[in-house]
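Good morning, and thank you for coming. Please look at the sequence and the structure on the screen while I go through them.

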Amino acid sequence: MKNQVIEFRGNPMEVINNTFRNSNIIFNLDEASMEEIKSYSHIVERNQVPALLKDQVPTSKVFFLLTDESISLEELNYPETYLAIATTNNEEYPYKILGKYSPRELYITRKDGENVFLQMNQSKLKLLKKNSN
């Protein structure tokens with residue numbers, strides 16, 4: 001098992017969608033990544049989540065988000081996506097994606113996969129916002 005940190009700017013869902021091709025990946029999110037995902041998502045109750053996803057994830061410390069449909073910078077269309085997210089005891093990466101479901105795919109995280117840690121770098125984004133004022 002290999003641990004990998006991916007530092008990125010922009011949309012964490014684009015990083016996840018472009019990296020999810022490997023079924024052995026376990027995505028861990030830092031606080032900034034989770035806040036960015038929450039900015040275009042809303043929490044959904046377990047009874048609103050498709051059975052394909054909710055029946056395969058544990059119930060403790062899990063919440064579900066439904067992301068908005070979006071278009072990437074490369075003009076790829078990303079449909080609404082359900083995410084099963086667990087809170088962890090890791091201070092640096094307090095969230096882990098347990099599963100993902102959209103009309104395109106179902107993904108359930110394995111327990112023994114490769115850990116990928118998404119670290120959102122906002123320094124350039126903050127600088128650009130500050131300079132635009």
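Strands here are DSSP runs of E with at least two residues, helices are runs of H or I with at least four, and both are numbered from the N terminus. This is a predicted model, in which local features need pLDDT of at least 70 and side-chain atom pairs count only at pLDDT 80 or more, while totals for chains, interfaces and linings use all residues. Residues are numbered from 1 along each chain as its sequence is written, and side-chain values use heavy atoms, with hydrogens and water left out.

Strand S8 and strand S9 (residues 105-108) run antiparallel and are joined by 4 bridges; two strands pair if DSSP finds at least two bridges between them. S8 and S9 form a hairpin, with 2 residues between them.

Next, the aromatic rings. How many aromatic pairs are there? The count comes to 3, where rings of Phe, Tyr and Trp (its six-membered ring) pair if their centres lie within 6.5 Å; planes under 30 degrees apart are stacked, over 60 edge-to-face, and the rest tilted. The rings of phenylalanine 63 and tyrosine 95 have centres 6.3 Å apart and planes at 90°, so this pair is edge-to-face. Phenylalanine 63 lies in strand S4 (residues 62-67) and tyrosine 95 in strand S8, so the pair ties together parts that are 32 residues apart in sequence. Both phenylalanine 63 and tyrosine 95 are buried; buried means under 20% relative accessible area, exposed over 50%, and partly exposed in between (1.4 Å probe, protein chains only).

A further pair, tyrosine 82 with tyrosine 101, is tilted, at 6.4 Å centre to centre and 40° between the planes. This pair links tyrosine 82 in strand S7 to tyrosine 101 in strand S8, 19 residues apart. Tyrosine 82 is buried, because its relative accessible area is 18%.

I turn lastly to charge. Side chains of opposite charge can pair when their charged atoms come close. The structure holds 2 salt bridges, each a side-chain nitrogen of Lys or Arg within 4 Å of a carboxyl oxygen of Asp or Glu. In one, glutamate 105 meets lysine 100 at 2.6 Å, N to O. Is lysine 100 buried or exposed? Lysine 100 is buried, since its relative accessible area is 1%, whereas glutamate 105 is partly exposed at 23%. Lysine 38 also forms a salt bridge, with glutamate 35, the closest N and O atoms being 3.9 Å apart.
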